[in-house]
Amino acid sequence: MARPPAIVQGREAFARQKWREAYAQLSAADSEPPLEPADLERLATAAYLVGEEAHATTIWTRAHHQLIEQGNVERAARWGFWLSLSLLLGGEMARSTGWLARSQRLLKHREDACVEQGYGLIVTGLLAMGKGNTESAGANFEQALALAEQFGDPDLLALGLLSRGQSLIQSRKSAEGVARLDEAMVAVTAGEVSPVLAGIIYCAVILTCQRIFDLRRAREWTTQLDAWCASQPDLVPYRGQCLVHRSEILQLQGDWPDALAEVMKARDHLADRSEAVVGRACYQQGELHRLRGEFAQANEMYREAGRNGCEPQPGVSLLRLAEGKLDAAAAAIRGVADPAGSLQGPGAGASRPKLLGPYVEILIATGDLDTARAVADELTRIATAFDAPFLLATSAQATGAVLFAEGKMKAALALLREAWAIWQQLGTPYESARVRVLIGRVCQRLDDHETARMHFDAAHSVFGQLGAAPDLVELERLMATRGAGPFSALTDREREVLSLVAAGETNRQIATAVGISEHTVARHLSNIFDKLGVTSRTAASTFAHKHKLV
């Protein structure tokens with residue numbers, strides 16, 4: 001029995017959502033005579049869905065011109081608007097506005113409304129929103145939603161809901177905005193939206209959730225969309241920047257191997273894209289290498305991020321901290337955080353909250369508790385304004401760490417337990433383990449050794465499972481020194497600093513004598529107090545005299 005022609009096989013594969021087979025068969029059929037517009041649309045869609053975006057753009061352009069030749073200007077305008085949208089999302093502003101103007105011109109003499117006009121309103125609204133004109137953008141999106149409902153177009157409805165949700169969030173109406181994002185995602189996971197739009201809507205929703213620190217919503221929709229995609233193994237729904245977002249979510253979930261695989265795929269996919277997006281992927285890969293203790297690889301990725309226009313903070317500063325280069329860590333993060341102000345600078349705006357938690361950690365490490373307290377207070381104000389669990393946990397942990405460094409154990413314990421509860425609710429094992437180490441240290445200072453050991457053991461297990469080598473080494477050092485007695489817990493440098501404290505030297509005098517900065521002296525003192533279970537220079541001096549260090 002003769003096989004059906006390639007064009008028939010391609011149509012059948014397309015109907016079964018066998019995208020790779022449809023792409024192969026329709027490509028084979030696209031010779032002489034060339035495909036008609038309906039089959040060109042199928043071919044372009046299949047190409048896009050298997051990751052052949054450049055070819056898809058070429059085919060959609062052909063379909064657009066053929067539709068004009070056949071007098072179907074509405075359908076031609078629809079694909080023109082789609083090309084405008086896809087180019088806008090890819091950062092090609094000039095080509096995007098060109099296709100928008102071309103498609104609007106095709107429809108300008110229509111007296112009656114048509115659904116295609118709605119797609120033009122979406123692109124026009126996105127351009128307005130990009131310029132900060134949220135009121136104008138919102139009006140465009142509302143008109144697009146009205147056309148979607150009038151003509152029963154599910155793709156336009158989902159795009160309108162997504163775009164209107166984003167504009168509401170940009171106008172600080174987050175509750176209304178996320179409700180529309182959720183409605184758009186319900187349409188995606190219910191299969192009501194074309195596969196081409198599914199990945200675009202998901203990526204936009206995840207990006208928006210990250211901007212408002214709504215980790216729980218981002219994770220929930222990721223799980224739902226993964227289940228939907230599982231029924232279409234040929235589908236490539238996640239592209240470049242979206243893969244970076246997914247890597248960040250997988251990292252927070254504790255799936256570091258898959259997070260690394262996703263971000264490496266993103267770098268491959270983004271090889272010929274804009275530098276800023278490539279830099280974001282490099283930064284995320286650097287973060288994963290740092291957490292795993294692969295410091296050389298992390299350093300190289302942060303350098304690549306910087307070369308591609310992405311600010312590699314706070315990752316670089318945290319890497320220097322892990323390497324024991326405290327002064328370098330403090331200088332690097334101050335250079336970004338201190339001059340940021342509230343409106344401009346690399347550490348300003350939406351990126352600032354992500355910077356402040358690490359900044360507090362580094363300030364505590366260098367002994368600058370006054371600044372650490374001020375930064376923690378700023379983070380608390382931001383977290384309260386956002387009312388996002390992720391930021392509330394980060395804020396509680398930062399303030400708890402400052403209180404611990406200040407010797408206020410009971411107050412520190414209450415906040416650290418609050419942070420731990422939120423991290424558990426969010427399902428973030430690494431963050432939960434890190435705060436449990438802090439809880440254990442506080443309990444140790446309160447002479448609750450059994451509870452301290454419980455938290456240390458639990459954190460040790462998580463760090464081991466994740467492959468968090470630096471945290472594991474530090475925790476094992478902490479656990480070993482705790483059992484060996486306070487004197488053996490001190491390093492040679494800490495004994496030297498303690499002897500000078502007991503001799504009545506100031507931090508400035510100690511810094512000069514030892515050849516280190518005052519911040520490093522303060523950090524050594526914090527470690528000494530922690531290891532000896534004391535909260536003052538007087539008590540530490542008494543210990544030094546007792547053990548004949550002076």
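How many helices and strands does the chain have? The chain has 30 helices and zero strands; helices (H or I, at least four residues) and strands (E, at least two) are DSSP runs, numbered from the N terminus. This is a predicted model, in which local features need pLDDT of at least 70 and side-chain atom pairs count only at pLDDT 80 or more, while totals for chains, interfaces and linings use all residues. Residues are numbered from 1 along each chain as its sequence is written, and side-chain values use heavy atoms, with hydrogens and water left out.

**Overall form**

- The C-alpha trace of the chain spans about 95 × 55 × 40 Å along its principal axes.
- Of the 550 residues of the chain, 53% count as buried; buried means under 20% relative accessible area, exposed over 50%, and partly exposed in between, with a 1.4 Å probe and protein chains only.
- Contact means heavy atoms within 4.5 Å. Among contacts in the chain between residues at least 6 apart in sequence, 58% join residues at least 24 apart.

- Helix α2 covers residues 19–29, and its buried residues are W19, A22, Y23, Q25, L26 and A29.
- These buried residues of α2 pack against α1 (6–15), α3 (37–49), α4 (53–69) and α11 (195–211).
- Rings of Phe, Tyr and Trp (its six-membered ring) pair if their centres lie within 6.5 Å; planes under 30 degrees apart count as stacked, over 60 as edge-to-face and the rest as tilted. By this rule the count comes to 11 aromatic pairs.
- Y48, W60, W79 and W82 are linked into a cluster by ring pairs.

**Helix α8**

- Helix α8 (residues 134–151) has 18 residues and should span 26 Å at 1.5 Å a residue; its end C-alpha atoms are 26 Å apart, which agrees. The expected span of a helix is 1.5 Å times one less than its number of residues.
- Within α8, the buried residues are T134, A137, G138, N140, F141, A144, L145, L147 and A148.
- The partners against which the buried residues of α8 pack are α7 (115–130) and α9 (154–170).
- After α8 comes G152, whose phi is positive, near 60 degrees.

**Cavity and pocket**

- On a 1 Å grid over the protein atoms alone, a cavity is a set of points where a 1.4 Å probe fits but cannot get out, and a pocket is an open set with protein on both sides within 12 Å along at least five of seven lines; lining residues have an atom within 4 Å of a point.
- Grid points are joined across faces, edges and corners, and a volume is the space filled by probe spheres set on the points.
- The structure holds one cavity of 30 Å³ or more, and the largest cavity has a volume of about 30 Å³.
- The lining of the largest cavity consists of F81, W82, L85, Y119, I122, V123 and L159; α5 and α7 are the elements that give two or more residues to this lining.
- The second largest pocket holds about 360 Å³ of space.
- This second largest pocket is lined by 19 residues, of which T45, W79, D155, S194 and V196 lie nearest its centre.
- Two or more residues of the lining of the second largest pocket come from each of α3, α5 (73–89), α9 and α11, and the largest share, five residues, comes from α5.

**Cysteines**

- A disulfide is a pair of cysteine sulfur atoms within 2.5 Å, and by this rule the count comes to zero disulfides.
- C282 is in no disulfide, and the nearest cysteine sulfur, that of C310, is 8.3 Å away.
- C282 counts as buried because its relative accessibility is 1%.
- C209 is likewise buried, with a relative accessible area of 1%.

- L106 lies in helix α6 (residues 93–107) and counts as buried at 19% relative accessibility.
- Not counting residues up to four places away in sequence, L106 touches H64, I68, V73, A76 and A77.
- L106 and H524 are 418 residues apart in sequence and 72 Å apart in space, C-alpha to C-alpha.
- T428 is found in the loop between α22 (409–426) and α23 (429–445) and is buried, with a relative accessible area of 1%.
- T428 is in contact with L215, R219, L252 and W423, leaving aside its neighbours within four places in sequence.
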